[in-house]
Amino acid sequence: MDAPLRAVPRGVRRREGRLSPESSPLPAAAAAEAAGTGLERLGRRLLVPLGLGLLVAVGLVATASPRQLAASFRRFDLRLLPFVLALSLLNYTLRFVRWEAYLNRLEVPLARAKSLAVFAAGFLLSVTPGKAGELGKAWLVRELGGGPALPVVSAVLAERVTDLLGVLLLIACGALAFPRGAWLAAVLSAAVAAVVLLLTWKRGADLAFRLLAKLPFVGPRTPVLIDLYGRLRSLLSPGLLLAALALSAVAWGAEGVGFWLVVREYAPRASLLAALFNYTGATVVGSLSMLPGGLGAAEGSMAALLHAQGLGTADANLITLVVRGATLWFAVGLGLLALPFIARWLARRG
C-alpha cells in the first residue's frame with residue numbers, strides 16, 4: 001500500500017484500532033507525533049501534483065494566443081460557476097453515500113463526521129500516482145477508531161471498480177452522439193455487463209481465473225487477482241453492486257453535465273451526449289496515465305477532443321482550465337479543509 005502517512009513507531013501495540021503504549025518504552029505521545037509527521041509528509045507530497053498542475057495550466061495558457069484566451073475568458077459567464085461547482089458537489093455527495101454503504105456492510109464502527117473527513121481526505125490522496133495513495137484511507141479509518149485497515153482496503157477497491165464501470169457506461173452513452181458510435185456503445189455496455197456478471201457470479205469468476213492462470217503474462221499474477229477478488233466478495237452482492245454502479249454513473253454524469261454547461265458558453269448547440277463522452281473519456285485517459293490526478297493527460301485529451309470537434313484552441317483550453325478547476329482542484333480544496341479535523345482527532349487519540 002502506498003501509504004502517504006508515516007507508520008506508527010515499532011513497539012507501539014494496537015488494540016481494537018487504538019494505539020496502546022502498554023509494554024512499550026515509547027510514550028503515547030509518540031503515536032500522535034508519528035501521525036502528525038505523517039500528515040506533514042502528505043503535505044510535502046502534495047507539492048508535486050500542485051507543481052505539476054501549475055505547469056499544466058501554464059502549458060494550456062501558452063499554447064493559445066493570449067489575446068484570444070483573454071477574449072474567451074470575457075465571454076464566460078462567471079455566474080455559471082456556482083452551478084458547475086454544485087454539480088461537482090453532487091458527485092462527491094453520491095460517492096460518499098456509496099462509501100458509507102460499504103463501511104456499513106463491513107460493519108466499520110466509524111462516526112459519520114470522521115467518515116466524511118476520511119472520504120474528503122481521499123481527494124488529496126487521489127492525486128498520488130495511479131491513485132494508489134487512496135489506500136491511505138484505510139490507514140486513517142484504523143487510526144480514527146474504525147478497526148483494522150485491511151477490510152477497508154476492499155471498500156477502496158470497490159470504489160475504484162464501480163467508478164470505472166460507471167464511467168464506461170457514460171462513455172457508451174456519449175458515443176451515441178457520433179457517427180458509427182453505436183458499435184463502441186455496444187462493446188462498452190457488453191464489457192460492463194460481463195464484469196458485473198463475473199463479480200457477482202463466483203463460479204464464473206473461478207472459471208475466469210483458471211483461464212487467466214494459463215496465459216503466459218497474466219498467469220503468474222493470477223493469485224494476486226484472486227486475493228483481491230476474495231477481499232471484494234463481501235461488497236459484491238448483486239443488489240449492492242448495482243446500487244453502487246448506479247450511484248457512480250449518476251455522480252460522474254453530474255460532473256459531465258457541469259462540463260456541458262461550460263462548453264455551451266462557446267458552442268450553444270453542443271450535445272449533452274458528446275459532452276459526456278468528452279469529459280468521461282478524458283477522465284479515463286487521465287486515470288490510465290497513472291499520473292497524479294491524471295494531470296497533463298486528462299487536460300490534454302479534453303482540450304484535444306474539444307478542438308477536434310470544432311472549438312478553437314483558446315476556447316478549448318479555457319474550458320479545460322475551468323472544468324478541471326471546478327472538479328479536480330475543487331475536490332483537493334475540500335480535502336485540505338478536512339485535514340485540520342483529522343489532525344485534531346489523531347492528536348486526541350494519542
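A residue counts as buried when its relative accessible area is under 20%. In this predicted model, Glu100 has a relative accessible area of 10% and is therefore buried. Glu100 is part of helix H4. When neighbours within four places in sequence are set aside, the contacts of Glu100 are Arg112 and Ser115.

Helix H4 spans residues 81-105, and its axis comes within 8 Å of the axis of helix H11, residues 238-264, with a crossing angle of roughly 170 degrees. Because angles over 145 degrees count as roughly antiparallel, H4 is roughly antiparallel to H11. The crossing of the two helices is left-handed. The contact between H4 and H11 is made up of 18 nonpolar, 4 polar and 4 charged residues.

Aromatic pairs were examined next. A pair of aromatic rings is described by the distance of the centres and the angle of the planes. The structure contains 8 aromatic pairs. One of them is formed by Tyr92 and Phe123, a tilted pair with 4.9 Å from centre to centre and 50 degrees between the planes. Tyr92 belongs to helix H4 and Phe123 to helix H5 (residues 112-125), so this pair ties together parts 31 residues apart in sequence. Tyr92 and Phe123 are both buried.

In the pair of Phe209 and Tyr229, the ring centres are 5.6 Å apart and the planes stand at 65 degrees, so the pair is edge-to-face. Phe209 lies in helix H9 (residues 202-213) and Tyr229 in helix H10 (residues 222-232), so that distant parts of the chain, 20 residues apart, are linked. Phe209 and Tyr229 are also buried. A cluster linked by ring pairs consists of Tyr92, Phe96, Phe119, Phe123 and Phe330.

Definitions and conventions. Residues numbered from 1 in each chain as written. Predicted model: local features only at pLDDT ≥ 70, side-chain atom pairs only at ≥ 80, totals over all residues. Heavy atoms only, no water. Axes fitted to C-alpha atoms, helices over the stretch in contact; angles between N-to-C directions. Helix = DSSP H or I, 4+ residues; strand = E, 2+ residues; numbered from the N terminus. Parallel < 35°, antiparallel > 145°, perpendicular 65-115°, else oblique. Left-handed = near helix turned anticlockwise from the far one by under 90°. Nonpolar A, V, L, I, M, F, W, Y, C, P; charged D, E, K, R; others polar. Buried < 20%, exposed > 50% of the residue type's maximum accessible area, 1.4 Å probe, protein only. Contact = heavy atoms within 4.5 Å. Phe/Tyr/Trp six-rings, centres within 6.5 Å; stacked < 30°, edge-to-face > 60°.
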